Amino acid sequence: MKILFKITAICLMFFLLSSCSKDESNTTNITSTDEYYVKYQINGIGMYNYFSNFSVQTDQRNQSFSGYQYNSWTQTYGPVKKGFVALVSVQGNVTAEIYVSKNNGSFALKASKSSASTSVTYTIDF
């Protein structure tokens with residue numbers, strides 16, 4: 001009877017320990033498939049609250065805009081992966097902001113700057 005009890009206890013411990021390691025590997029797989037979306041927002045400030053020349057880093061390439069005057073501009077790009085460097089450069093008296101969403105969650109403000117002719121960057125690291 002004692003031998004049966006010991007064998008059962010050993011099997012139970014083996015089962016519990018092996019199931020713990022499986023959970024850890026599943027967590028690792030989930031984080032490696034995270035997707036992020038980057039939202040850029042530019043708002044003109046001051047008496048002449050317009051701007052005309054700006055560029056942003058997208059999931060495909062750097063995209064430039066010129067020749068048209070904007071009071072504000074917002075655009076979302078993605079999906080991108082962890083390590084992506086979000087960048088917005090703009091000429092004019094503006095507030096430039098970078099927001100990031102992880103796995104279709106809410107957007108969170110990650111970087112912001114207000115000035116004439118500004119550049120804002122943020123590297124996705126969460």
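## Notes on the core, rings and loops

1. Let me start in the middle of the fold: the largest nonpolar core has 24 residues, and Tyr40, Trp73 and Ile98 have the most contacts inside it. A nonpolar core here is a set of buried Ala, Val, Leu, Ile, Met, Phe, Trp, Tyr and Cys residues joined through side-chain atoms within 4.5 Å. Two or more residues each come from strands E1 (36-44), E2 (53-57), E4 (72-80), E5 (85-102) and E6 (108-123). E5 gives the most, with seven residues.

2. A word on the source: this is a predicted model, in which local features need pLDDT of at least 70 and side-chain atom pairs count only at pLDDT 80 or more, while totals for chains, interfaces and linings use all residues. Residues are numbered from 1 along each chain as its sequence is written, and side-chain values use heavy atoms, with hydrogens and water left out.

3. Now the overall layout. The protein has one helix and six strands, in the order α-β-β-β-β-β-β from the N terminus. Helices (H or I, at least four residues) and strands (E, at least two) are DSSP runs, numbered from the N terminus. Of the 126 residues, 27% are buried; buried means under 20% relative accessible area, exposed over 50%, and partly exposed in between (1.4 Å probe, protein chains only).

4. Leaving aside neighbours within four places in sequence, the contacts of Tyr40 include Val56, Trp73, Tyr77, Phe84, Leu87 and Ile98, where contact means heavy atoms within 4.5 Å. Across the protein, 61% of the contacts between residues at least 6 apart in sequence join residues at least 24 apart.

5. On to the aromatic rings. The structure holds nine aromatic pairs. Rings of Phe, Tyr and Trp (its six-membered ring) pair if their centres lie within 6.5 Å; planes under 30 degrees apart count as stacked, over 60 as edge-to-face and the rest as tilted. Tyr68 and Tyr70 make an edge-to-face pair, at 5.1 Å centre to centre and 80° between the planes. Tyr68 is exposed at 53% relative accessibility, whereas Tyr70 is buried at 19%. Both belong to a cluster linked by ring pairs, along with Phe51, Phe54, Phe65 and Trp73.

6. Two lysines also sit over rings. Lys39 lies over the face of Phe107, 5.0 Å from the ring centre, and the charged end of Lys110 is over the ring of Phe126, 4.3 Å from its centre. The test asks for NZ of Lys or CZ of Arg within 6 Å of the ring centre and within 35 degrees of the ring normal.

7. A search of the whole structure finds one salt bridge, defined as a side-chain nitrogen of Lys or Arg within 4 Å of a carboxyl oxygen of Asp or Glu. The side chains are those of Asp34 and Lys102, at 3.4 Å from N to O. Asp34 lies in the loop between helix H1 (2-32) and E1, and Lys102 in strand E5, so the pair ties together parts 68 residues apart in sequence. Asp34 is buried at 8%, while Lys102 is partly exposed at 30%.

8. Finally, some backbone details to check by eye. The peptide bond from Gly78 to Pro79 is cis, with omega near 5°, and Pro79 is in strand E4. Asn103 has a positive phi of about 50°, and Asn104 has a positive phi near 65°. Asn103 is partly exposed at 41%, and Asn104 is exposed at 66%.
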